[in-house]
Amino acid sequence: MNDFIKCKKCRFNIINVSQTVSEHGDESVCKDSNHTQKLFIPESSYSSWILEAIEKSNWTKGKFYCPTCQNKLGTFDFVSSGKCFCGQYCVPSVILMSSKIDYPSVNVKNLIS
Ligand SMILES: [Zn+2]
Ligand SMILES: [Zn+2]
């Protein structure tokens, strides 16, 4: 199955859709529909190049870039505790920016609204 989320610019395979989670840190979708669904990456799925950016910041906050074209792909924040719009406190700290990535055409799990 080709379920990789790709860099919009260079088609680099960022991460498999199955390795991403919702804002609640799992497969469940937030009941608060007033905000856009985002794609989060749980700690168990960090790629080495994402981890490198995180370590460079000493696990504080920052951005990570595509390893091949340097396109900004997302942000991370280990400083402020993750909080969903609905008030639940388990939002993973690494977020993919939907405007910079391409979702696979299948199996998107309603993550795009
Ligand atoms: Zn790229
Ligand atoms: Zn929520």
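Let's start with Asn58, which is exposed: 9 other C-beta atoms lie within 10 Å, and a count of 12 or fewer is what makes a residue exposed. This is a predicted model, so keep that in mind as you look around. You'll find Asn58 in the loop between α1 (48–56) and β4 (61–65). Its phi is near 60°, a positive value in a residue other than glycine. Most residues other than glycine have a negative phi.

Trp59 sits in the loop between α1 and β4. Trp59 isn't a glycine either, yet its phi is positive, at about 55°. Is Trp59 buried or exposed? With 12 other C-beta atoms within 10 Å, Trp59 counts as exposed.

| Residue | Phi | Other C-beta atoms within 10 Å |
|---|---|---|
| Asn58 | near 60° | 9 C-beta atoms |
| Trp59 | about 55° | 12 C-beta atoms |

Now for the whole chain. It has one helix and seven strands, and if you read from the N terminus, the elements go β-β-β-α-β-β-β-β. The chain has 113 residues, and 22% of them count as buried. Look at contacts with a separation of 6 or more, and 52% of them are between residues 24 or more positions apart.

What about the inside? The largest nonpolar core is made of 18 residues, and Ile14, Phe40, Ile41, Leu73, Leu96 and Ile101 have the most contacts inside it. Elements giving two or more residues to this core are β1 (4–7), β2 (13–16), β3 (39–41), α1, β5 (72–77) and β6 (94–96). The largest share, three residues, comes from β3.

Setting aside neighbours within four places in sequence, Ile14 is in contact with Phe4, Ile5, Lys6, Cys7, Leu73 and Ile101.

Next, the strands. Three of them make an open sheet, in the order β2-β1-β7, with antiparallel pairing. Since β2 and β7 (101–102) are at the edges with a single partner strand each, one side of each has no neighbour in the sheet. How many bridges join β1 and β2? Their antiparallel pairing runs over three bridges.

Conventions:
Residues numbered from 1 in each chain as written. Chains lettered and ligands numbered in written order. Predicted model: local features only at pLDDT ≥ 70, side-chain atom pairs only at ≥ 80, totals over all residues. Helix = DSSP H or I, 4+ residues; strand = E, 2+ residues; numbered from the N terminus. Buried ≥ 20, exposed ≤ 12 C-beta atoms within 10 Å, placed from the backbone. Contact = placed C-beta atoms within 7 Å. Core = buried A, V, L, I, M, F, W, Y, C linked by C-beta atoms within 7 Å. Pairing = 2+ DSSP bridges.
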